[in-house]
Amino acid sequence: MKEKKLRIIPLGGLGEVGKNMTVYEYGGEILVVDAGMMFPDNDMIGIDYIIPDFEYIKQRADKVRGIVITHGHEDHTGAIGHLLESVDAPVYATPLTLGMIGAKLNRRGFDHKTAKLQTLKAGETVQIGPFKVHAFHVCHSVPDGIGLGIESPAGLVVHTGDYKFDHTPVDNWPTDYAKLAEFQRRGVLALLADSTNAERAGWTPSERVVDDALDKVFREAKGRIIIASFASLISRMQQVGNAALKHQRKLAFAGTSMIDNAKIARKLGYLNLPDDLIISLEEANNMRASDVTVMCTGSQGEPTSILGKISTGTHRLLDVKTGDTIVLSSHPIPGNEENVYRTINRLFERGANVIYEAIAPVHVSGHASQEEMKLLMHLTQPQFFIPIHGELRQLHQHALLAQQIGIPEKNIAVILNGQSVEFSDGKMRLGERIPAAYVYVDGAGVGDVSKDVMHDREVLSEEGVMVINLIMDKFTGKPSREPEIISRGFIAYRDAEDLMAGLRTRVIDTATRANGNIQKDIEQAVSNYLYKETQRRPMIFVNVVKN
Ligand SMILES: [Zn+2]
Ligand SMILES: [Zn+2]
């Protein structure tokens, strides 16, 4: 007989910001909540993005009864295509989220008609294997987000997804407080809640404050207005559209993902903009600057995004002109600050006036701050609490808040990816640890980039490379001529006569004495010598030819 306990396994999003994914397992049957990706750190060279290690799910692919996606952000949807390659289970999400997932699967060349996409609207309940899943609406920086009440024989678990308590959201659809209170009446076994802003005191401001900031921008701008944001920030598109209407400007979208999302959101009624407001980028280029608004991607300073290309003057259709006002309507994701500020500097250099979060409230967070987190706990009154979505320090801060409102420390589990938690007979205990490493996606390859490859790329980019070609006499076993030494990114030849002379001597000595693996010995000797002389270790390749 299968053991009757609820097991929750976070596979992503705990101890990091991004690639959210959680497994709910009861009686061997599995429900997956979210399948996100994460952007790489600056030192992860050549990596496009990172997805969770879902080997655990793959091994049990026939036990997966469903995948529920809480909202359309990449850190919740970005790995869905990868997951569907190994798991043939229905995907449940709200209409807008499903639309965004479908467009994303199309862009990846995934035939999403073979995927079983099922609509799960806020307020609806669906049976997924042993789980009765209640979807409730939450406010966030993308419309149509949901949190989940997940009922199993072990009890009711509330899983928030990303949320905030905005009383005046742009789409006039506040978080479903009544549902949360209803959960409380039924008794909440555990709460898993978003910790992103656990360090922020007070309340997250309403999206409405952005309206005033945008209005000021539109009032004062003389030339074109270019607004960069996330492709998924539909509410910001609405706000920019409203401002453009009010100030008699036209609006063009730039960037494939942004154009796709705007189209889907308009079709499904989440974005209400009149047809004659929207123009193409080509049309925008033939209009008076003071009539034009452009909304584009690239608020994180990504070099390949529209704004990134504008900042380096490499976009085919958009070039910065003096008098342009460029707004970065977003908050730099931790780790992206450097890129963002470099982009801002370049845009100023090219003659634009740049407005960003630090100088005007052109963005507000989509995540709850401390007072909202406490209100959520009061509304749901969970017996157990597991902070999710955040770096370890944010998870800890969230746990402290839970203690402040009276949840005993022993009922709070601050855990990281891979640490399973089990619930049975109203008790919580830590279960086994499941591998939950990074899976690097590099071009079209998934997971074929190992930690070693990452390390090599880092060495190559920081220390350069040295290639040593050596010809050995196969009869005497000694070098038959001077070794050829090629160095790239390490040191210029002419700057280092002495170093190179010393290097050649080391190579010949080592080759003459070597009786085992000549390549390895030379590599070691060269590496040690260079480190002694320069405190640096480039990557070294040794070719030995015998003739
Ligand atoms: Zn989100
Ligand atoms: Zn998120």
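Exposed, in my notes, means over 50% relative accessible area, buried means under 20%, and partly exposed is in between (1.4 Å probe, protein chains only). Helices (H or I, at least four residues) and strands (E, at least two) are DSSP runs, numbered from the N terminus.

I am working on a predicted model, where local features need pLDDT of at least 70, side-chain atom pairs count only at pLDDT 80 or more, and totals for chains, interfaces and linings use all residues. Residues are numbered from 1 along each chain as its sequence is written, and side-chain values use heavy atoms, with hydrogens and water left out.

**Entry: helix 11**

I started with helix 11, residues 337-349. I get 13 residues and a reach of 18 Å from first C-alpha to last, close to the expected 18 Å; the expected span is 1.5 Å times one less than the number of residues.

Which residues of helix 11 are buried? I noted Asn-339, Val-340, Thr-343, Ile-344 and Leu-347. Looking down the axis of helix 11, I find these buried residues within an arc of 135 degrees, so they line one face of the helix. That arc is taken from the directions from the helix axis to the C-beta atoms. On the other side of helix 11, I have Glu-338, Asn-345 and Glu-349 down as exposed.

I then checked what covers the buried residues: the cover includes helix 10 (306-312), strand 17 (325-328) and strand 18 (353-356). After helix 11 comes Gly-351, with a positive phi near 105 degrees.

**Entry: cavities**

Next I went looking for holes. A cavity is a set of points, on a 1 Å grid over the protein atoms alone, where a 1.4 Å probe fits but cannot get out, and its lining residues have an atom within 4 Å of a point. Grid points are joined across faces, edges and corners, and a volume is the space filled by probe spheres set on the points.

I count two cavities of 30 Å³ or more. The largest has a volume of about 70 Å³, and helix 11 gives the largest share of its lining, three residues. Among the lining residues I listed Val-340, Tyr-341 and Ile-344, along with Ser-299, His-331 and Glu-357. By class, I get seven nonpolar, three polar and one charged. My classes: Ala, Val, Leu, Ile, Met, Phe, Trp, Tyr, Cys and Pro are nonpolar, Asp, Glu, Lys and Arg are charged, and the others, Gly among them, are polar.

The second largest cavity comes to about 40 Å³. I see it lined by Ile-8, Pro-10, Leu-14, Thr-22, Leu-192, Ile-386, Ile-388 and Ile-415, which splits into seven nonpolar, one polar and no charged residues. Strand 1 (6-12) and strand 19 (384-388) each supply at least two of the lining residues.

Leu-189 sits in the loop between helix 5 (177-186) and strand 12 (190-194). I have Leu-189 as buried, at a relative accessible area of 6%. Beyond its neighbours within four places in sequence, Leu-189 has contacts (heavy atoms within 4.5 Å) that include Leu-156, Val-157, Pro-382, Phe-384 and Phe-423.

Is Asp-34 buried or exposed? I found Asp-34 buried, with a relative accessible area of 1%. Asp-34 is no glycine, yet I read a positive phi of about 70 degrees. I place Asp-34 in the loop between strand 3 (29-33) and strand 4 (49-52).

Gln-248, also not a glycine, has a positive phi of about 55 degrees. I place Gln-248 in the loop between helix 7 (234-246) and strand 14 (250-254), and Gln-248 is exposed, at 66%.

Key. Chains are lettered from A and ligands numbered from 1 in the order in which they are written. On a 1 Å grid over the protein atoms alone, a cavity is a set of points where a 1.4 Å probe fits but cannot get out, and a pocket is an open set with protein on both sides within 12 Å along at least five of seven lines; lining residues have an atom within 4 Å of a point.
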